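Please consult the sequence and the model while reading.

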Amino acid sequence: LLLMIHWNGTLMIIALLISAAASVILTVQPQASLAQEGGDLCGETITGNIELEFDMTCEGDGITVEGNDLSIFMNGFTIRGPGSDTNTTGISVEEGIQVRIRGPGVVTGFGTGVEYSGATGGAMRDVYVRDNGIGALLDDSTDTHVKQDHFSDNRIGVLNRASINTEVENVIMSRSDEGIRLEDSSDVDLDFIILMDSRAGIYLDEESL
């Protein structure tokens, strides 16, 4: 559309170009919250981004995540389970790619606090994991990053089992039977870690490289 206007002897030309030939498709990852889900997410399976809006107290498992390239924002809240001697998991990531758990927040009172199983490129950051059987379990996973987290009073802080290219960095671990346990693991980086008051700081089995 071309519009020409005469104003006090001056020619003004305003050109407006409208093109329908090109189209843009914008994909937005769905954002869930506890309020949107009707309150309690205990035992639920999540397939998109999620933001916690208040504490969760679960009689069984906490949150199960199935999906790729998504984030769990804990927003300073707590996910609490029925006890460290139970067969439960606070946050479970199953075969996901690039699933991120973002603190600050607390995961406490589960058999396993956080689990990445068969996952790739997972990351947990600024999470306080305490009073669990296993703080974080990395099982048959690749390129998992555990950074700037705090583990306390877990029987095992981080268990890396049959997983490769794991990085544990800037982590504080205290009062565990074992701080970090490596089973059948290879190419694991442990950097800038504080280990305190544990029976064993770092354990490697003979299958680990």
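Q: With which residue does Arg-181 form a salt bridge whose closest N and O atoms are 2.9 Å apart?
A: This is a predicted model, in which local features need pLDDT of at least 70 and side-chain atom pairs count only at pLDDT 80 or more, while totals for chains, interfaces and linings use all residues. Residues are numbered from 1 along each chain as its sequence is written, and side-chain values use heavy atoms, with hydrogens and water left out. A salt bridge requires a side-chain nitrogen of Lys or Arg within 4 Å of a carboxyl oxygen of Asp or Glu. At a closest N to O separation of 2.9 Å, the partner of Arg-181 is Glu-178.

Q: Is Glu-178 buried or exposed?
A: Buried means under 20% relative accessible area, exposed means over 50%, and partly exposed lies in between (1.4 Å probe, protein chains only). The relative accessible area of Glu-178 is 17%, so this residue is buried.

Q: How far apart are the closest N and O atoms in the salt bridge between Arg-181 and Glu-183?
A: Arg-181 has a relative accessibility of 19% and therefore counts as buried. Its salt bridge with Glu-183 has closest N and O atoms separated by 2.6 Å.

Q: Which residue forms a salt bridge with Arg-175?
A: Arg-175 is partly exposed, at 45% relative accessibility. The closest N and O atoms of the bridge are 2.9 Å apart, and the partner is Asp-153.

Q: How many residues apart are Arg-175 and Asp-153?
A: Strands are DSSP runs of E with at least two residues, numbered from the N terminus. Arg-175 is in the loop between strand 19 (172-174) and strand 20 (178-183), and Asp-153 is in the loop between strand 16 (150-152) and strand 17 (156-161). The pair thus links distant parts of the chain, at a separation of 22 residues.

Q: Which residue is joined to Cys-42 by a disulfide?
A: A disulfide is a pair of cysteine sulfur atoms within 2.5 Å. A search of the whole structure finds one. With an S to S distance of 2.0 Å, the partner of Cys-42 is Cys-58.

Q: What is the handedness of the disulfide of Cys-42 and Cys-58?
A: A disulfide is a covalent bond between the sulfur atoms of two cysteines. The torsion about the S-S bond of Cys-42 and Cys-58 is about -75°, so the disulfide is left-handed.

Q: In which strand does Asp-189 lie?
A: Asp-189 has a relative accessible area of 42%, so it is partly exposed. Its C-alpha is 9.8 Å from that of Ile-164, a residue 25 positions away in sequence. Asp-189 is placed within residues 189-191, which form strand 21.

Note on methods:
Helix = DSSP H or I, 4+ residues; strand = E, 2+ residues; numbered from the N terminus.
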